[in-house]
Amino acid sequence: MVRVQDQEVTYGHPFSAVTASLWSKYDTHKHVKQVDVIDRHIGEDGRLYSTRLLTMEGNLPAMFRPFCPVRCIHMLEHVVVDCEAQTMEVRAHNINMASVLEALSASDYRPAPGNSTHYHINITVRAFPNRKRRGS
């Protein structure tokens with residue numbers, strides 16, 4: 001089973017304001033229990049690279065509960081910010097329970113006309129991603 005969600009939005013705010021909110025967006029999120037910075041540095045190319053570990057807790061759908069002995073999911077988030085080009089890429093994926101559920105998120109932020117910011121996100125969730133499919 002694969003579920004894909006794709007969404008595009010243009011925010012009526014400048015790139016600096018929209019992307020600055022990423023660093024605190026989990027502060028009041030009810031499912032995110034902890035955010036740990038694993039690495040953050042400026043690369044030789046002048047871009048900011050950040051890796052964070054997100055610890056999330058919440059109710060799993062009933063169909064997954066027999067297969068998931070834990071209620072805590074760990075996500076690894078990789079962020080690359082290019083201030084000169086005004087682009088930001090955010091990639092996240094779960095690092096535990098991956099044999100039961102694989103969640104991948106890819107977000108991109110780019111400048112848009114009128115001092116706005118274009119945002120695109122693609123989320124793919126696969127149940128039992130390592131299971132052989134029929135006919136393969």
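**View A. Thr 55 in strand S3 of the predicted model.** Thr 55 belongs to strand S3, residues 48-57 (strands are DSSP runs of E, at least two residues, and helices are runs of H or I, at least four, both numbered from the N terminus). With a relative accessibility of 12%, Thr 55 is buried (under 20% relative accessible area; exposed is over 50% and partly exposed in between, with a 1.4 Å probe and protein chains only). Leaving aside residues up to four places away in sequence, Thr 55 touches His 31, Val 32, Lys 33, Gln 34, Cys 72, Ile 73 and His 74; contact means heavy atoms within 4.5 Å.

View B. Cys 72 is partly exposed at 22% relative accessible area, and Cys 83 is exposed at 61%. The whole structure contains zero disulfides (pairs of cysteine sulfur atoms within 2.5 Å).

**View C. The largest nonpolar core.** Ten residues form this core: Phe 15, Val 18, Leu 22, Val 79, Val 81, Met 88, Val 90, Tyr 109, Tyr 119 and Ile 121. A nonpolar core is a set of buried Ala, Val, Leu, Ile, Met, Phe, Trp, Tyr and Cys residues joined through side-chain atoms within 4.5 Å. Helix H1 (15-20) and strands S4 (72-82), S5 (87-94) and S7 (116-127) each give two or more residues to this core. Apart from it lies another core of eight residues, including Val 32, Leu 54, Met 75 and Met 97.

**Notes.** Residues are numbered from 1 along each chain as its sequence is written, and side-chain values use heavy atoms, without hydrogens and water. In this predicted model, local features need pLDDT of at least 70 and side-chain atom pairs count only at pLDDT 80 or more, while totals for chains, interfaces and linings use all residues.
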